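Have the model open as you read.

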Amino acid sequence: MSQDDEKLRARIMDAILELPRDQLLRLANIIAEENGERQLRPIAIQGIDEHAIPSQSDQSQSRDWPHAPVHRLSDHGTYLVTAGTLYKQHFFRSSERLDFLEGKLLQLARQYFWQLEAWAVFPNHYHFIAHSQPGSEPLNGFLRDLHAATALYLNRLEMMPGRQVWHNFWETKLTFERSYLARLNYVHNNPVKHGLVPVANQYRWCSAAWFERTATPAQVKTIYSFKTDQLRVLDDFEVLPP
Ligand code: NI
């Protein structure tokens, strides 16, 4: 499949997720007819449960969850990214604001073809590990848009137009398998390091619960067994609970 096809497919899938029920049923009919699968049509329709269709307001359901984790370095580059707010201020200290920041990160990663492998989002900083892929936008552009969109949201909420929200970001290209896997563990479990929860999957705005849901038990066990206390990751943030 060409890159253009991939992009088109991703755009169509995003559009389908937004469709109201009546249009979704029409589309199911069209696909059934195109494929000559008339007998599948009732299944396609029955299979659509109104309550299973995420609504705009249901943040946890409408997340742009990444594809299942791949656990290997990308030929095109795998990066650990950390960004902090200006003076480490707790700008995103509420559930709603963290939802917005995490949601934007997931949405733009998908849109710009960065495959997220681990992430943790806090009121004053975030970390993520992502793979570059063929057709990925440059990391700078991805982060510039993420920071612009989240700063605009925050400044509108607080009526502080033009205020600087983000301080900077730091990226590290990961090139060794072991250091990559150890950093995955570090990011999944970052909410525990910052003292917010006893177990990372209890923290809503990180990848631990998603990772445990999508990876095999053996993969989870392997990655969680990597030592992280000796890692040098830029992470001197005091984090207040949301
Ligand atoms: Ni951190």
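## The sheet

Let's begin with β2, which is joined to strand β3 (residues 125–132) by 7 bridges, the two running antiparallel. Trp114 sits opposite Ser132 in β3. Strands here are DSSP runs of E, at least two residues long, and helices are runs of H or I with at least four, numbered from the N terminus; two strands pair if DSSP finds at least two bridges between them.

Zooming out, 4 strands make an open sheet ordered β2-β3-β1-β4, with antiparallel pairing. β2 (114–121) and β4 (166–173) are at the edges with a single partner strand each, so one side of each has no neighbour in the sheet.

## Helices on the sheet

Helix α5 (residues 139–157) lies across β1 (78–85), β2 and β4, and runs at about 150 degrees to β4. Axes are lines fitted to C-alpha atoms (for helices, over the stretch in contact), with angles from 0 to 180 degrees between N-to-C directions.

## The core

The largest nonpolar core has 38 residues, and Leu105, Trp119, Val121, Tyr126, Phe128, Val187 and Cys206 touch the most other members. β2 gives the largest share of this core, 6 residues. Such a core is a set of buried Ala, Val, Leu, Ile, Met, Phe, Trp, Tyr and Cys residues joined through C-beta atoms within 7 Å, where buried takes 20 or more other C-beta atoms within 10 Å of the residue's own, with C-beta atoms placed from the backbone.

## Ground rules

This is a predicted model: local features need pLDDT of at least 70, side-chain atom pairs count only at pLDDT 80 or more, and totals for chains, interfaces and linings use all residues. Residues are numbered from 1 along each chain as its sequence is written.

Note on methods
Two residues are in contact if their C-beta atoms, placed from the backbone, lie within 7 Å. A residue is buried if 20 or more other C-beta atoms lie within 10 Å of its own, exposed if 12 or fewer, and partly exposed in between; C-beta atoms are placed from the backbone.
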